[in-house]
Amino acid sequence: MSKFGLGRGLADLKQEMGTIPDITILTGAERVVVKQIPLAQIGANPDQPRKTFSDDELTDLAASIREKGVLQPILLRAVSGQPYLYEIVAGERRFRASKLAGLNEIPALIKTLSNENAMEIALIENVQRENLNPIEESAAYKNLMEKCGYELADVSRLIGKSESYIRNIMRLGGLPDSVKELVEQGSISASHARTIAVAENPEVLAHEIIAEKLSVAETERRVKDSARAKNSRGYSQKTIDPDTVRDIQSRISRNLGVPVKLNEKRGGAGQFILSFATRVQMQELIEKLTK
């Protein structure tokens, strides 16, 4: 069963709020009404995926709000144990611009949402609007997986992007902070950053990209020629020598009474393959392994 509620049925709410994620947790018997909420009663969401807000962008939005007001309500949930009554689920940019515009209140929809639901909505809203830079997006997926116990496939279904896309973006989370800052500043692209994430010295390569104006293809060639990070797929520890492999296979085979093959993979991983000739031999092997 899915961990979250993607689905249909937001027609009435979307009329009130505009374009927001199609999530069934926002539907149901609970009546949703737009209310004017004092800004002083509202606090930011600590799990908000978007961490950076352009000053120019906020200034432009604040000017629009002074002229036309807030055209789209923000989404809030009630919280306890905080110095504020409501926490922002979606619409922090509108909230910040409203404060900048000198407003005292803001139109809002208030819903009863769990931490997980709030994180889902905040992530979807930002991803759909393309509000997140690659580093924020990487951190948001990691946060969702760690705090909500989601697997890669869950996040893929939630945001409508492929598992390979999410996996590649999440690789940026392992970069040094100095390289992350270069990505956030736009000094190097996300594609460059993903390429050097597997290198042992991504900081050195990042500065080479900037100084020499390297393309992604040229960066890939540099990475292939450089040492790999220990947590990358390309990293390989010293392999077990053939004599040791044969000795290990022989010892296990004597103990279990069946042929054994050891396959070593990169990075120290591997597998043992046990072979049996009959169902009786299979049952004997099962009994030995499960004693």
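In strand S4, Glu87 is the bridge partner of Gly43. The model is a predicted one, in which local features need pLDDT of at least 70 and side-chain atom pairs count only at pLDDT 80 or more, while totals for chains, interfaces and linings use all residues. Residues are numbered from 1 along each chain as its sequence is written, and side-chain values use heavy atoms, with hydrogens and water left out.

**Strand S4 and its sheet**

- Strand S2 (residues 42–43) pairs with S4 in the parallel sense over two bridges; strands are DSSP runs of E with at least two residues, helices are runs of H or I with at least four residues, and both are numbered from the N terminus.
- Two strands pair if DSSP finds at least two bridges between them.
- Strand S3 (residues 74–78) runs antiparallel to S4, and four bridges join them.
- Leu75 has Ala90 as its bridge partner in S4, and Arg77 stands opposite Glu87 in S4.
- An open sheet of five strands has the order S1-S5-S3-S4-S2, with mixed pairing.
- Its edge strands are S1 (34–38) and S2, each of which pairs on one side only.
- Strands of a sheet pair through backbone hydrogen bonds, either parallel or antiparallel.
- Strand S4 (residues 86–90) is mostly covered, as five of its five residues are buried; buried means under 20% relative accessible area, exposed means over 50%, and partly exposed lies in between, with a 1.4 Å probe and protein chains only.

**Nonpolar cores**

- The largest nonpolar core has 34 residues, and those with the most contacts inside it are Leu123, Tyr141, Leu144, Val155, Ile188 and Ile196.
- Such a core is a set of buried Ala, Val, Leu, Ile, Met, Phe, Trp, Tyr and Cys residues joined through side-chain atoms within 4.5 Å.
- Among the elements that give two or more residues to this core are helix H4 (115–129), helix H5 (134–148) and helix H10 (202–212).
- Helix H5 supplies the largest share of this core, six residues.
- Not counting residues up to four places away in sequence, Ile188 touches Val179, Leu182, Val183, Ala193, Ile196, Ala206, Ile209 and Ile210, where contact means heavy atoms within 4.5 Å.
- Another core, of 19 residues, lies apart from it and includes Leu58, Phe95, Ala108 and Ile110.
- In soluble globular proteins, nonpolar side chains tend to be buried together.

**Individual residues**

- Val223 is found in helix H11 and is buried, with a relative accessible area of 3%.
- Val223 and Ile196 are 27 residues apart in sequence, and 6.4 Å apart in space from C-alpha to C-alpha.
- Lys213 lies in the loop between H10 and helix H11 (216–225) and has a positive phi of about 55° although it is not a glycine.
- With 72% relative accessibility, Lys213 counts as exposed.
- The charged end of Lys161 sits over the ring of Tyr165, 4.9 Å from its centre; the criterion is NZ of Lys or CZ of Arg within 6 Å of the ring centre and within 35 degrees of the ring normal.

**The protein overall**

- The secondary structure comes to 13 helices and seven strands.
- Of the 291 residues of the protein, 39% count as buried.
- Among contacts with a separation of 6 or more, 63% are between residues 24 or more positions apart.
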